[in-house]
Amino acid sequence: MRLVVGSKSLKTLLITSKDEPTIAKIHALMILTGIFGHGNSNAKLIQSYARLGHIESARQVFDKSPQCGVDAWNAMIIAYSRRGAMFEALSLYHRMASEGVRPDSSTYTVVLKACTRSLDLRSGEETWRQAVDQGYGDDVFCGKMDEAMRVFDKMGRRDLVCWTTMITGLAQNGQAREAVDIYRQMQKKRVEGDGVVMLGLIQACTTLGHSKMGLSIHGYMIRKDIIMDVIVQTSLVDMYAKNGHLELASCVFRKMLYKNVISWSALISGFAQNGFAGNALQLVVDMQSFGYKPDSVSLVSVLLACSQVGFLKLGKSVHGYIVRRLHFDCVSSTAVIDMYSKCGSLSSARTVFYQISFRDSISWNAIIASYGIHGSGEEALSLFLQMRETNVKPDHATFASLLSAFSHSGLVEKGRYWFSVMVNEYKIQPSEKHYSCMVDLLSRAGRVEEAQELIDSMITEPGIAIWVALLSGCLNHGKFLIGEMAAKKVLELNPDDPGIYALVSNFFATARRWDEVAEVRKIMKKTGMKKVPGNSVMEVNGKLHAFLMEDKSHYQYEEIMQVLGKLDCEMKAMGYVPKTEFVLHNLEEEVKERMLCNHSERLAIAFGLLNTGPGTRLLITKNLRVCGDCHEATKFISKIVNREIVVRDVKRFHHFKDGVLKHNMKDEVTLMEEVITILTGSEKEFPNQCLKWILETTLSLNNF
């Protein structure tokens with residue numbers, strides 16, 4: 001026991017020693033106590049001498065060691081490599097092999113680097129094949145692809161193993177475009193790819209979002225009768241799903257003879273990421289009926305689905321399940337923070353954030369973004385400053401979240417200041433997202449001329465998000481000259497989102513440019529696009545209730561209309577005047593007022609008032625932007641019923657209380673206490689009952 005303790009202590013001293021005399025004393029002590037040669041102590045000694053540049057002393061230790069494990073061989077080879085003594089490094093590697101010591105991934109990585117630097121291509125090819133044969137192909141080249149590429153380029157003969165290793169290595173290293181280029185070279189050499197090559201290419205297509213090439217690869221495998229195992233089929237499901245081809249992903253999934261939990265998770269994730277919350281949740285139920293328990297990937301997808309529809313009850317249950325059954329890692333904790341935030345509970349999101357033992361930039365970005373979408377720009381800035389104090393370096397995503405928070409809070413000067421800090425202090429080149437946030441910030445404040453100047457100063461061509469932000473500001477502030485230019489830019493970029501066409505149409509309608517309105521609608525009809533109808537969802541007693549504009553199918557429709565009629569009278573008595581300009585149709589004023597009263601968020605508010613107790617906070621999730629009239633009306637309603645009403649639209653949260661729009665929210669104590677209960681409770685089974693409730697929702701959310 002003393003020997004082991006002494007060994008650890010001396011190794012610690014070796015690591016911290018900064019001069020040769022000290023290391024020599026420790027070396028002598030190791031010999032006297034018998035520690036020398038024990039475990040990997042000689043490797044540590046070699047590293048210590050080499051670190052100080054005493055390569056000869058390191059080699060003496062190596063030569064006099066009674067036995068050398070792979071750690072000692074690696075330490076000596078690395079020492080020569082760092083010294084630039086490539087011949088000695090390679091000689092030692094060959095001797096290592098002749099003495100029967102099996103190299104590991106570290107050995108192969110260093111030796112290949114030595115082969116590259118010494119231009120010993122013959123040894124490089126031989127070492128490469130040995131690494132692949134020993135199963136270290138992926139380990140050797142992870143993050144070292146530039147070195148591998150240099151060896152590969154100078155090879156005289158390349159067999160299928162070489163091509164395969166390069167393609168899969170590049171794909172797994174995130175260099176998807178380079179992987180595709182290597183495959184094209186392979187085709188020119190008339191080398192037939194096998195299933196492993198195809199798997200690497202499928203992964204590359206997933207990264208690139210290149211669905212056309214993915215289809216070609218899939219077709220090639222079918223024509224060549226290449227065996228597609230569960231790994232290849234799951235990769236196809238993942239590739240199609242992430243590229244938005246959910247029908248193809250589902251088709252491949254259904255035809256799989258053998259599925260595993262990863263296959264299920266790939267499809268669940270695809271539906272959730274593409275906004276099909278109902279389908280994703282149904283698949284979670286289905287996978288359990290086949291005997292598979294949800295893993296962390298599928299549960300993150302469930303949390304994403306809960307975020308989309310605002311289903312807090314299920315989200316809390318999933319949180320509890322993850323805490324007690326799985327590892328609560330960075331990915332799952334970030335997903336939980338996002339879920340609580342988008343389900344309207346900032347206090348719960350913050351509680352989870354401070355429960356995380358290691359908070360990296362992703363966690364900080366998530367909580368900053370959470371406060372941003374709730375219009376709490378000052379709190380988001382406070383969190384950003386705390387992040388800097390913890391020595392976590394802000395990245396491009398951090399500043400995107402911060403600038404977005406300023407935009408939602410109207411903090412123009414703070415936004416301009418921190419944009420400048422990002423560029424000048426942190427040397428982060430603004431991306432499309434950063435410019436989009438700044439244009440949105442300026443345009444929301446009515447400073448569309450300044451926003452246009454910022455766009456003109458961009459080095460790269462502005463994307464559609466930037467022009468949409470400018471157009472939205474022009475619509476809100478009646479800036480028709482600049483708005484017309486922005487609208488034309490938007491149409492030139494051929495957007496595939498019907499909501500963007502609706503924005504352009506609304507802009508021209510507001511300007512009474514009816515010919516342009518007709519032209520936009522003609523484009524939508526020609527491309528098969530339809531305006532997405534507004535819908536609102538509300539959770540009451542653990543069940544979701546959905547509403548469409550002027551939807552008379554709900555079982556409480558008559559009672560809802562009575563409540564809205566009474567509220568309308570009280571609002572008008574308090575000074576409310578319907579903003580009929582938000583009804584962009586040539587109709588009578590009375591008809592326009594009735595249409596405004598039937599907007600989906602108002603139906604949801606009335607339903608909530610009917611089915612919850614006095615003082616209960618109402619949370620409504622809407623799939624489109626809240627119109628100006630509903631925004632104004634909800635202020636009055638919150639005053640009349642003495643409740644907090646929170647409406648989450650496609651952009652942000654709107655908090656109404658006592659007749660005003662709140663920006664600095666006090667956290668909800670009750671919900672925070674529920675999160676603490678989750679962290680200390682006993683949720684051990686997956687909450688299938690919650691899933692059944694959501695899937696029993698009268699109106700299918702996916703058909704909106």
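Which residue in S4 is the bridge partner of threonine 621? The answer is arginine 648. The views below come from a predicted model.

**View 1. Strands S3 and S4 run in parallel.**
Strand S3 covers residues 618–622, and it pairs with S4 in the parallel sense. Four bridges join the two strands. Threonine 621 of the pair has arginine 648 as its partner in S4. Leucine 619 has valine 646 as its bridge partner in S4. Strand S4 itself covers residues 645–648. Ile645 and Val647 point one way from S4. Val646 and Arg648 point the other way. All four of these residues are buried.

Leu618, Ile620 and Lys622 point one way from S3. Leu619 and Thr621 point the other way. Five of the five residues of S3 are buried, so the strand is largely enclosed by the rest of the structure. Strand S1, residues 535–540, also pairs with S3. Here the sense is antiparallel, over three bridges. Serine 536 has lysine 622 in S3 as its bridge partner.

The side chains of glutamate 601 and lysine 622 meet in a salt bridge, 2.7 Å from N to O. This pair links distant parts of the chain, 21 residues apart. Glutamate 601 sits in helix H35, residues 600–611, while lysine 622 belongs to strand S3. Are these two residues buried or exposed? Glutamate 601 has a relative accessibility of 1%, so it counts as buried. Lysine 622 has 10%, so it counts as buried too. Side chains of opposite charge can pair when their charged atoms come close.

Glutamate 413 and arginine 416 both lie in helix H26, residues 412–424. They are three residues apart, about one turn of the helix. Their side chains meet in a salt bridge, 3.8 Å from N to O. Glutamate 413 has a relative accessibility of 48%, so it counts as partly exposed. Arginine 416 is at 36%, so it counts as partly exposed as well.

Lysine 635 and glutamate 632 both lie in helix H36, residues 628–641. Glutamate 632 is partly exposed, because its relative accessible area is 23%. Elsewhere, salt bridges that share partners join Glu413, Arg416, Arg447 and Glu450 into one network. How many salt bridges does the model contain? The count comes to 21.

Isoleucine 640 lies in helix H36. At 22% relative accessibility, isoleucine 640 counts as partly exposed. Isoleucine 640 and glycine 659 are 19 residues apart in sequence. In space, their C-alpha atoms are 8.0 Å apart. Asparagine 642 is found in the loop between H36 and S4. With 56% relative accessibility, asparagine 642 counts as exposed. Its phi is positive, about 55 degrees, although it is not a glycine.

**View 2. Aspartate 225 has a positive phi.**
Which loop holds aspartate 225? It is the loop between helix H14 (211–223) and helix H15 (230–242). The phi of aspartate 225 is near 55 degrees, a positive value in a residue other than glycine. Most residues other than glycine have a negative phi. Aspartate 225 is exposed, with a relative accessible area of 66%.

**View 3. Four residues gather in a patch of positive charge.**
Arg82, Lys113, Arg150 and Lys154 form this patch on the surface. One of them, arginine 150, lies in helix H10, residues 145–153. Arginine 150 has a relative accessible area of 40%, so it is partly exposed.

Technical notes:
Residues numbered from 1 in each chain as written. Predicted model: local features only at pLDDT ≥ 70, side-chain atom pairs only at ≥ 80, totals over all residues. Heavy atoms only, no water. Patch = residues over 30% accessible without salt bridge, like charges linked within 9 Å, V, L, I, M, F, W, Y side chains within 5 Å. Areas by Shrake-Rupley, 256 points an atom, 1.4 Å probe, with all protein chains shown as cover. Lys, Arg positive; Asp, Glu negative; His and termini not counted. Charge placed at Lys NZ, Arg CZ, Asp CG, Glu CD. Buried < 20%, exposed > 50% of the residue type's maximum accessible area, 1.4 Å probe, protein only. Pairing = 2+ DSSP bridges.
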